[in-house]
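Visitor: Can you walk me through this one? I'd like to start with a helix.
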Amino acid sequence: MQRYDFLKAIAGEAGDALAVCTGWGAREWWALRPGDGNLKTRTLGLVSSIAAGLALALPHRKVIAIDGDGAFLMNLCGLPTIAQQSPPNLIHLLFDNECYEASGGTPTASHVADAVTLALGAGYKHATWVKTPAEFRTAFVHAWQRNELTLIAAKVDPGQPRDLPSLRLDEIENKYRFIRYLEETEQRAILNPGFDSKLKS
């Protein structure tokens, strides 16, 4: 099964959650759940940290981190900090295809490193492997309802559907559209904090 099959199983359960994505997972999530509440990170490894920051800043909003094994392993130092802060509204999704797929398929070290064990060891309250999209959806719904920091991991095959639409925006445009979306939905000025009163008038 590919990452897309797992994402498809939860797209209808995501509500108005903010999503922080990396690699090709971003293109798949946009195809399944398009909108300006999705943020694609340019720097490998920062998905979990950016998502945690959003979750802490907006505790009333669900935040989903859509991570890959290469990015996850690159930011192991962030896991204890995330666990220490333990934002209850953060659901960390990890798709492990054992390669850096978006940059040519070089193998990662995930075949010798257990992401769930690493997350639990860092202090995550909940972390689990799932094998099927149905199990993935069940774990996601439970995490949503439980409202405690959770990692859900799945081994997936490389690749994605051939007919996926391309992302028609780069990371800079995406960033500004994402921030404007937050300003609109949160009624809070971010780029120009001094103009807060204009948003509320």
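Guide: First, a definition: the expected span of a helix is 1.5 Å times one less than its number of residues. Helices (H or I, at least four residues) and strands (E, at least two) are DSSP runs, numbered from the N terminus. This is a predicted model: local features need pLDDT of at least 70, side-chain atom pairs count only at pLDDT 80 or more, and totals for chains, interfaces and linings use all residues. Residues are numbered from 1 along each chain as its sequence is written, and side-chain values use heavy atoms, without hydrogens and water.

Visitor: OK, what should helix α7 span?
Guide: Helix α7, residues 133-146, has 14 residues and should span 20 Å. Its end C-alpha atoms are 20 Å apart, which agrees.

Visitor: Which residues of α7 are buried?
Guide: Pro133, Phe136, Ala139, Phe140, Val141 and Ala143. Buried means under 20% relative accessible area, exposed over 50%, partly exposed in between (1.4 Å probe, protein chains only).

Visitor: What covers them?
Guide: The cover includes α1 (3-10), β3 (63-68), β4 (90-96), β7 (126-130) and β8 (150-155). Contact here is heavy atoms within 4.5 Å.

Visitor: And what follows α7?
Guide: Asn147, with a positive phi near 60°.

Visitor: Is Cys99 buried or exposed?
Guide: Buried, at 11% relative accessibility. Cys77 is exposed, at 63%.
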